Amino acid sequence: MAHKKEEQKADCYGDEVRQHILEFAENGGYEAIPDDEREEWFTRFKFWGLFHQRDGQESYFMMRLTNASGVLEPGQLRAIAKVARDYATGPVENPEFGNGWIDLTTRQSVQLHWLKLEDVPEIWERLESVGVSSRSAGGDTMRNISGSALHGKVEEYVDSGPLLERFQEELRGDDALANMPRKFNISVTGSKSGCAQDTLNDIGFEPARKEIQGKVVKGFNVRVGGGLGGRQPRAASPLDIFVRPENAYEVGRGFVELYHDHGNRQNRSKNRTRFFVEDWGEEKIRETLQAEYVDFELESAGESFREEYTYNAGKPADAGKRDHVGVHEQKGEGMYYVGLTVPVGRMPAEDALELADLADEYGSGELRLTRRQNPVIVDVSEDVLEALLGEGLLSEYRPEPSPFERGAMACTGTEFCSIALTETKARMARTLRWLNRNVDLPDDVGTIKIHYSGCTADCGQAMTADIGLQGMRARKDGEMVEAFDIGVGGGVGEDPSFVEWVQQRVPADETPGAIRNLLEAFAAHREAGQTFRQWVEATGTEALIECCEPEETDFEAPYMADAKQSWYPFAETESLAEATAKSSMVPSDD
């Protein structure tokens, strides 16, 4: 029997939902939606990137935007920032970030919060006038495509731009494939750094080469079934397929259609492609693709460059780029790109407007967004580089950040997510300041990746961090408080590994002390040049548990008993814990 959401989608989904949103907006917004139909309409709204915010924030929506592989063309960030300034303002200010800001995401895009449904038509008009869309940004469909953030700006082994464009325009634009069994993530990388993280996607294309009829051909190997969440992470597995660039689209479309046709539509907790691949097996998928979905002879996999992957791979700095932060040479003589650091991915609208101005003044106006929630200014000529680096905004979002700021990521948390158990953004910002003051690292350690997810859905990718934090609840001094499970040693690269959990349900005020104790042990006992991930792999579990001893410190952890949401307007008649317990257990990224 199909899940009830399948019945809701069967009645109305995809492009046709847009007109209903416009009608609701015109007729009073949130109040125009019949009470007994709100759940099903909220399910449908997600296809257009519109998510109703959590209990106690009725009538407010989050909008997720799409821009394949993180490309923001000139003028697009300015339009997004103006929308955030004018419309993304809640009834009260966040004590850490104020009001009117944008969130950069791990899929190289942008989210806006505190929107009213009646404002959506005007918001769409503003954004779409510069080519920004929210279509297919959420729900059971193909999400924003991740790719090499600097494709076209740096040398790639195989040019990924044309394939990314076809996936964006032809595949994601096909309303016949809008209603998937569950969300579906695509990644394409043409560089040898692995920055599109093919390991974590439902289908990933990685650069490869193969000798065919005596000639070395450049193309892609294909991986399927990767994903995080629910403490059941899975690295995408090789499908034993090599495709030439001109055939890659057909294989990608074929797998999307196969999953669309045969994916599980009954059990939503077991219907992501990682479960589908485990159920069918790679051999059956390959055979079915060949027999029913592609019309050319599939080649077996070629030689990949995974051993050269450096992006979040736990390798030393001299092995290659671990992210896109800093000043780096770009294609074209005397040209550079400058990657900034937005430590938890949140930027006030006025800062985003200033960033757009700097991109215009010092570059081409184009920006790129990375999978680590950071923006990159591109097309900067050498003669203005020093002036750009001297701009005040770059002292706030530094190209040369501390190791903790450089490695930080955080999901949405209880601020807007109905299943999160802890607040994330503000607490991570406080934690970073505390670590900067209280922990000294060896000079050659340029980054420690601390990823924070408010629950086991793992939208903050805690499973792939040096130090992963997942939100929990625990009892301390007789009351329930925010807490964390702490894991270590995650990362992607040639050999993806997920964190090993070394502490469970550590109260929020004891977590920074546990991290400090762990990092002090790392600094004291590492071999020369050893990265944190390498040190974890060489250290036994019992020793890691002992090193990561929770400890109360001077770290201030307000709102521990109320998930740090005391300043937000949840329903007055119930506590956050009660609201959370009553919420449907569906990830905010569903």
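Predicted model: local features only at pLDDT ≥ 70, side-chain atom pairs only at ≥ 80, totals over all residues.
Local features need pLDDT of at least 70 and side-chain atom pairs count only at pLDDT 80 or more, while totals for chains, interfaces and linings use all residues. Residues are numbered from 1 along each chain as its sequence is written, and side-chain values use heavy atoms, with hydrogens and water left out. Helices (H or I, at least four residues) and strands (E, at least two) are DSSP runs, numbered from the N terminus. Buried means under 20% relative accessible area, exposed over 50%, and partly exposed in between, with a 1.4 Å probe and protein chains only.

- Strand E2 (residues 60–64) is mostly covered, with five of its five residues buried.
- Tyr60, Met62 and Arg64 point one way from E2, Phe61 and Met63 point the other way, and all are buried.
- In a regular strand the side chains alternate between the two faces of the sheet.
- Two strands pair if DSSP finds at least two bridges between them.
- E2 pairs with strand E1 (residues 50–52) in the antiparallel sense over three bridges, and phenylalanine 51 stands opposite methionine 62 in E2.
- E2 is also joined to strand E5 (residues 110–116) by four bridges, again antiparallel, with arginine 64 opposite glutamine 111 in E5.

**The five-stranded sheet**

- An open sheet of five strands runs in the order E3-E15-E16-E13-E12, with antiparallel pairing.
- Its edge strands are E3 and strand E12 (326–329), each of which pairs on one side only.
- E3 and strand E15 (residues 367–369) run antiparallel and are joined by two bridges.
- Valine 71 has arginine 368 in E15 as its bridge partner.

**Helix H8**

- Helix H8 (residues 273–280) is mostly covered, and six of its eight residues are buried.
- The buried residues in H8 are Thr273, Arg274, Phe275, Phe276, Val277 and Trp280.
- These buried residues pack against strand E9 (215–224), strand E10 (237–243), helix H7 (245–262) and helix H9 (282–293), where contact means heavy atoms within 4.5 Å.
- Glycine 281 follows H8 and has a positive phi, near 85°.

- On a 1 Å grid over the protein atoms alone, a cavity is a set of points where a 1.4 Å probe fits but cannot get out, and a pocket is an open set with protein on both sides within 12 Å along at least five of seven lines; lining residues have an atom within 4 Å of a point.
- Grid points are joined across faces, edges and corners, and a volume is the space filled by probe spheres set on the points.
- By this rule there are six cavities of 30 Å³ or more, and the largest cavity has a volume of about 60 Å³.
- Helix H14 (425–438) and helix H15 (511–525) are the elements that give two or more residues to the lining of the largest cavity.
- The residues lining the largest cavity include Arg427, Met428, Tyr452, Phe484, Thr511 and Phe555.
- That lining has eight nonpolar, two polar and one charged residues, where Ala, Val, Leu, Ile, Met, Phe, Trp, Tyr, Cys and Pro count as nonpolar, Asp, Glu, Lys and Arg as charged, and the others, Gly among them, as polar.
- The second largest pocket holds about 540 Å³ of space.
- Of the 22 residues lining the second largest pocket, Asn67, Ala68, Gly131, Gln168 and Glu169 lie nearest its centre.
- Strand E3 (71–72), helix H4 (76–87) and helix H6 (161–171) each supply at least two residues of this lining, and H6 gives the largest share, four residues.
- By class, the lining of the second largest pocket has eight nonpolar, nine polar and five charged residues.

**Cysteines**

- The whole structure has zero disulfides, a disulfide being a pair of cysteine sulfur atoms within 2.5 Å.
- Cysteine 417 has its closest cysteine sulfur in cysteine 455, at 5.3 Å, too far for a bond.
- Cysteine 417 counts as buried, at 5% relative accessibility.
- For cysteine 548 the closest cysteine sulfur is in cysteine 547, at 8.4 Å, also too far for a bond.
- Cysteine 548 is buried, at 0% relative accessibility.

**Glutamate 479**

- Glutamate 479 is found in strand E20 (residues 479–488) and counts as partly exposed, at 41% relative accessibility.
- Not counting residues up to four places away in sequence, glutamate 479 touches Ala474 and Ala561.
- Glutamate 479 and alanine 561 are 82 residues apart along the chain, and their C-alpha atoms are separated by 7.2 Å.
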